[in-house]
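The following exercises concern a structure that is shown below.

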Amino acid sequence: MSDDEPGAAPTNDGQQFDRLPETPADREIEGRASRAEVLDWWDERFGIEKEVFEEYSFWEKGAGKIWIFNGEATDPSEVEAVGMTFLRTRQEHWKPTGRAVSRFGSRATKNVIELDPAQAATFAAGDDQDIPEWDGDWGYLIATHEVAGERVPIGVGLYLYDELRSVVPKGSRADLPVVE
Amino acid sequence: MNPLDRYEPLVDDVDAFRAACDRPLPSVVRTNGIAATPDRVREAFDDEGVAYEPVDWHDGLFRLPDGNPGGNWPYVHGWTHGQEEVSVLPTLALDPQPGERVWDACAAPGSKTTQIADAMDDEGTVVANDNNLGRLSALRHNAERLGITNTIVTNQDARNFSTKPLAFDEFDRALVDAPCSCEGTCRKNPDVLDQWTLGHVDAVAGIQKGILARAVQATRPGGVVVYSTCTFAPEENEAVLDHVLANEDCELVEFDLPLETDPGVTEWDGEAYDESVTRAKRIYPHRNDTGGFFCAKLRVGGEADESASDGEVAA
């Protein structure tokens with residue numbers, strides 16, 4: 001947490017996990033998101049209520065990479081990973097991870113785009129597609145489709161200029177059948 | 001020499017054993033209870049036209065006769081994970097509970113880690129360790145794909161694992177799914193039989209003893225340690241248990257597995273082992289049409305807290 005130069009402001013050490021401060025007022029590391037801001041963001045962007053994340057702790061490792069953890073940890077923890085990657089901050093628009101959306105996205109009430117079977121297969125393959133009929137916000141959306149009668153999140157899409165860009169990472173793309 | 005020759009004195013029906021070892025295994029997936037139920041997986045497979053067969057001893061497992069366990073929606077959603085049937089057994093023996101502290105000493109690529117987290121309802125702390133950084137990336141990929149949030153990943157030599165980076169210094173349970181000579185996986189990868197050497201068996205047995213000893217030391221009195229391998233070699237199985245029984249405060253306990261098993265052997269190649277190794281279980285391919293496996297359950301000795309006692313194994 002400390003810096004070698006006396007008097008210099010502490011900076012983010014990309015090699016270790018540090019717990020997010022509770023609120024912006026508790027912030028010691030410049031640019032680090034606070035827990036309160038993270039919870040507000042999910043609520044404002046996707047309508048996922050703060051209570052959903054009550055039991056979880058949030059950590060930063062790397063520049064703006066936020067992890068969500070549901071176990072016991074000391075602070076700071078020099079380990080390879082704690083929990084699951086959750087959110088990218090320290091950029092103009094915060095971006096949820098596909099894993100976070102897969103795990104928690106079914107609770108979202110806004111900025112959720114429901115894809116038909118062909119669109120869902122296109123999305124999972126990592127391909128962009130025109131969806132001019134979307135009249136909601138631009139930016140990061142939760143892409144879902146219906147599986148056996150229920151809406152299931154697939155991943156994160158970026159909606160801009162009538163187009164839904166799949167931002168499914170290369171290693172997670174899949175060629176899947178169109179299930180009508 | 002085919003290393004399977006050396007185990008013929010241990011099996012009752014040599015022809016059935018050898019025939020089973022020559023047959024390939026089907027693809028099997030395990031339902032990830034954090035994301036879905038077996039019913040929901042079944043429904044999605046039905047909708048998608050994915051052929052599957054139930055596994056009669058575990059309702060969360062499905063055999064996929066057409067292969068390609070990753071090419072369907074349930075996989076993409078993290079509802080399923082490819083995992084061989086016998087590989088599900090150690091976690092059943094470990095029986096981790098929500099809220100506990102569990103160490104998976106040789107965790108990559110994470111099939112058992114994720115099954116442990118699932119059994120704990122993703123509550124408590126799983127410390128998934130592996131000494132190989134490259135394999136840890138596969139572990140992390142799997143844990144994330146299955147939506148697991150209660151796991152800490154560490155990169156240490158398990159033989160002298162330090163709890164210093166953790167918030168606690170003792171585990172309730174530990175799994176040692178040890179690196180081994182892997183003969184039991186010959187139905188998936190026949191190459192293991194060509195590459196087998198007795199020198200490797202002896203080398204890896206030393207490592208196994210070190211890891212299992214550390215697991216016993218790192219687990220609280222009354223806690224549980226499960227030892228498993230995918231080899232038939234007594235040098236890597238009963239001999240390792242015998243060594244740890246003699247050097248650490250622990251005992252082997254009886255436990256049930258939902259498959260037909262054979263008891264551990266007390267004599268091999270001129271060596272005699274502690275009588276209690278018969279409580280360990282050998283899983284031969286011809287008994288249940290699975291891969292080969294070995295699994296033992298230990299109770300760590302010493303005075304257990306009243307609150308921390310484990311009713312199942314304390315008896």
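**Exercise 1: The position of Ala107(B)**

Task: State where Ala107(B) is found, whether Ala107(B) is buried or exposed, and which residues Ala107(B) touches.

Solution. Step 1: Ala107(B) belongs to the loop that runs between strand 5 (101–104) and helix 5 (111–119) of chain B. The model used throughout is a predicted one.
Step 1: The relative accessible area of Ala107(B) is 5%. Buried means under 20%, so Ala107(B) is buried.
Step 2: Setting aside residues up to four places away in sequence, Ala107(B) touches Thr113(B), Ala128(B), Asn129(B), Asp130(B) and Leu139(B).

**Exercise 2: Ser111(B) and the annotated site**

Task: Locate Ser111(B), classify its accessibility, and relate Ser111(B) to the UniProt record.

Solution. Step 1: Ser111(B) is part of helix 5 of chain B.
Step 1: With a relative accessible area of 14%, Ser111(B) is buried.
Step 2: When neighbours within four places in sequence are left aside, Ser111(B) is in contact with Arg30(B), His81(B), Gly82(B), Gln83(B) and Ser87(B).
Step 3: An unreviewed UniProt entry places the feature "binding site" at Cys106(B), Ala107(B), Ala108(B), Pro109(B), Gly110(B), Ser111(B), Lys112(B), Asp130(B), Asp157(B) and Asp177(B). Of these residues, the lining of the largest pocket includes Ser111(B), and also Ala107(B) and Asp130(B), among others.

**Exercise 3: Ala167(B)**

Task: Determine where Ala167(B) lies and which residues Ala167(B) touches.

Solution. Step 1: Ala167(B) is placed in the loop between strand 7 and strand 8 (171–177) of chain B.
Step 1: Its relative accessible area is 35%, and Ala167(B) is therefore partly exposed.
Step 2: Not counting residues up to four places away in sequence, Ala167(B) touches Glu72(A), Ala73(A) and Thr74(A).
Step 3: Between Ala167(B) and Thr125(B) there are 42 residues of separation in sequence and 9.9 Å in space, taken from C-alpha to C-alpha.

**Exercise 4: The largest cavity**

Task: How many cavities of 30 Å³ or more are counted, and which residues line the largest cavity?

Solution. Step 1: The count is 1 cavity of 30 Å³ or more, and the largest cavity holds about 50 Å³ of space.
Step 1: The lining consists of Trp67(A), Ala81(A), Gly83(A), Arg140(B), Ala143(B), Glu144(B), Thr151(B) and Val153(B).
Step 2: Helix 6 (133–145) and strand 7 (151–154) of chain B are the elements that give two or more residues to this lining. Helix 6 of chain B gives the most, with 3 residues.
Step 3: By type, the lining residues of the largest cavity divide into 4 nonpolar, 2 polar and 2 charged.

Conventions:
Residues are numbered from 1 along each chain as its sequence is written. Chains are lettered from A and ligands numbered from 1 in the order in which they are written. This is a predicted model: local features need pLDDT of at least 70, side-chain atom pairs count only at pLDDT 80 or more; totals for chains, interfaces and linings use all residues. Side-chain values use heavy atoms; hydrogens and water are left out. On a 1 Å grid over the protein atoms alone, a cavity is a set of points where a 1.4 Å probe fits but cannot get out, and a pocket is an open set with protein on both sides within 12 Å along at least five of seven lines; lining residues have an atom within 4 Å of a point. Grid points are joined across faces, edges and corners, and a volume is the space filled by probe spheres set on the points. Helices (H or I, at least four residues) and strands (E, at least two) are DSSP runs, numbered from the N terminus. Ala, Val, Leu, Ile, Met, Phe, Trp, Tyr, Cys and Pro count as nonpolar, Asp, Glu, Lys and Arg as charged, and the others, Gly among them, as polar. UniProt positions are given in the numbering used here, feature names are shortened, and annotations may be inferred rather than shown by experiment. Buried means under 20% relative accessible area, exposed over 50%, partly exposed in between (1.4 Å probe, protein chains only). Contact means heavy atoms within 4.5 Å.
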